Amino acid sequence: MIKKRKYIIPFAIIIFLIVGYLIADSILFDGVSPKAINENGFQANYFAKDDLTNKTAIILIGGGQSGDYWAQEFASKEMVALSLPYTGKEGLPRLPEDIDLEYFKNAIKWLGAQKEVNSDKIIVMGASRNAELALVIASTFTNTITGVIAYAPSCVSWSNTVLPYNSNELKPSWKYKGIDIPYIPMEKISGDESGKVEMIDYWEKGLSKTDLVDNAYIKVENITGPILLFSGIDDKVWPSAKMADMIEKRLKENNFKYALKNIQYENAGHLISSNPEQKTDFRTGRINLGGKEFEYEFGGTDDGDYKAKKDAKMKLMEFLNGI
């Protein structure tokens with residue numbers, strides 16, 4: 001009997017602690033628990049409060065930690081969000097090349113059918129190359145996407161070879177109905193003996209090919225809703241502010257009838273697309289090229305990025321509240 005009690009008591013304590021933890025966690029957690037979706041040809045985390053109906057929905061292109069962060073933020077503000085990865089998970093493409101837009105069409109269709117969602121208010125949001133993709137999606141699915149939020153955007157589509165870990169064979173990054181989305185073909189970026197890479201020069205070289213740029217322009221004028229662009233003037237990863245201006249110019253030339261906000265920040269770089277609650281304390285990143293590590297700059301300053309991110313978040317919420 002004593003032996004049994006010897007084992008029962010510790011077991012009871014463990015059970016008590018587990019139950020206590022679960023109760024405390026449920027009391028302290030004030031967010032929205034996501035619902036994992038793996039059906040209808042896509043995978044995502046769906047964030048929506050149970051009692052919502054007919055609300056604005058935001059699709060976070062690329063998903064992941066950043067997508068889940070923003071999705072949680074939107075859900076806490078009585079909106080609906082879908083954090084949508086498209087590579088790197090089981091059942092999804094391994095690399096971001098030859099990505100079929102049908103995948104996003106499936107997600108949009110599913111999202112619009114949910115009771116919590118107003119199907120006339122579905123927005124796509126992305127950062128950097130996911131901003132490029134968000135603009136491509138919005139300019140393609142004009143009957144279902146009614147707005148875009150793009151951090152550090154691109155005005156054109158780029159080939160798969162702009163990413164060093166993609167395959168060496170030149171391919172489109174995006175395609176739809178078996179047709180390539182027109183792109184600027186690029187050689188893979190390379191480093192030199194200094195151990196550093198000047199990222200900005202690589203992209204500027206691509207943008208200097210005017211005939212290819214004209215062909216690869218994202219047809220943003222087809223978007224049927226407001227567009228919000230954020231960029232850091234000191235972005236050293238790619239010329240996001242310049243490309244945002246090129247988007248604005250194209251929209252003006254095509255008499256775009258919806259609202260455009262092209263917001264640019266001094267002393268801010270590519271990291272304005274990172275978590276606005278976190279102040280970064282690093283100014284460079286590392287990239288593997290041909291088996292060797294190279295350093296590159298993000299641009300901006302710690303304070304510049306942080307102030308830009310906080311201001312951008314406020315303006316982003318104002319933008320969504322006005323839709």
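Here is a short walk through a helix pair, the nonpolar cores and one loop proline in this predicted model.

Let's begin with two helices, H2 (residues 64-76) and H8 (residues 302-321). Their axes come within 12 Å and cross at roughly 55 degrees, which means that H2 is oblique to H8. The crossing of the two is right-handed. On the H2 side, the contact is made by Tyr69, Trp70, Glu73 and Phe74, which meet Lys313, Leu316, Met317 and Leu320 of H8.

The largest nonpolar core has 75 residues, and the members that touch the most others are Ile59, Leu101, Phe104, Leu111, Ile137 and Trp158. Helix H4 (residues 129-140) supplies the largest share of this core, with seven residues. Another core, of 27 residues, lies apart from the largest one, and its members include Val32, Ile123, Tyr265 and Met317. You have already met Met317, as one of the H8 residues in the contact with H2.

Finally, look at Pro239, in the loop between strand S10 (227-232) and helix H7 (240-253). Is this proline buried or exposed? Its relative accessibility is 7%, so Pro239 counts as buried, the cut-off being under 20%. Not counting residues up to four places away in sequence, Pro239 touches Ile200, Trp203, Glu204 and Leu207. Glu204 is 35 residues from Pro239 along the chain, yet their C-alpha atoms are separated by 7.3 Å.

Technical notes:
Residues numbered from 1 in each chain as written. Predicted model: local features only at pLDDT ≥ 70, side-chain atom pairs only at ≥ 80, totals over all residues. Heavy atoms only, no water. Axes fitted to C-alpha atoms, helices over the stretch in contact; angles between N-to-C directions. Helix = DSSP H or I, 4+ residues; strand = E, 2+ residues; numbered from the N terminus. Parallel < 35°, antiparallel > 145°, perpendicular 65-115°, else oblique. Left-handed = near helix turned anticlockwise from the far one by under 90°. Contact = heavy atoms within 4.5 Å. Core = buried A, V, L, I, M, F, W, Y, C linked by side-chain atoms within 4.5 Å. Buried < 20%, exposed > 50% of the residue type's maximum accessible area, 1.4 Å probe, protein only.
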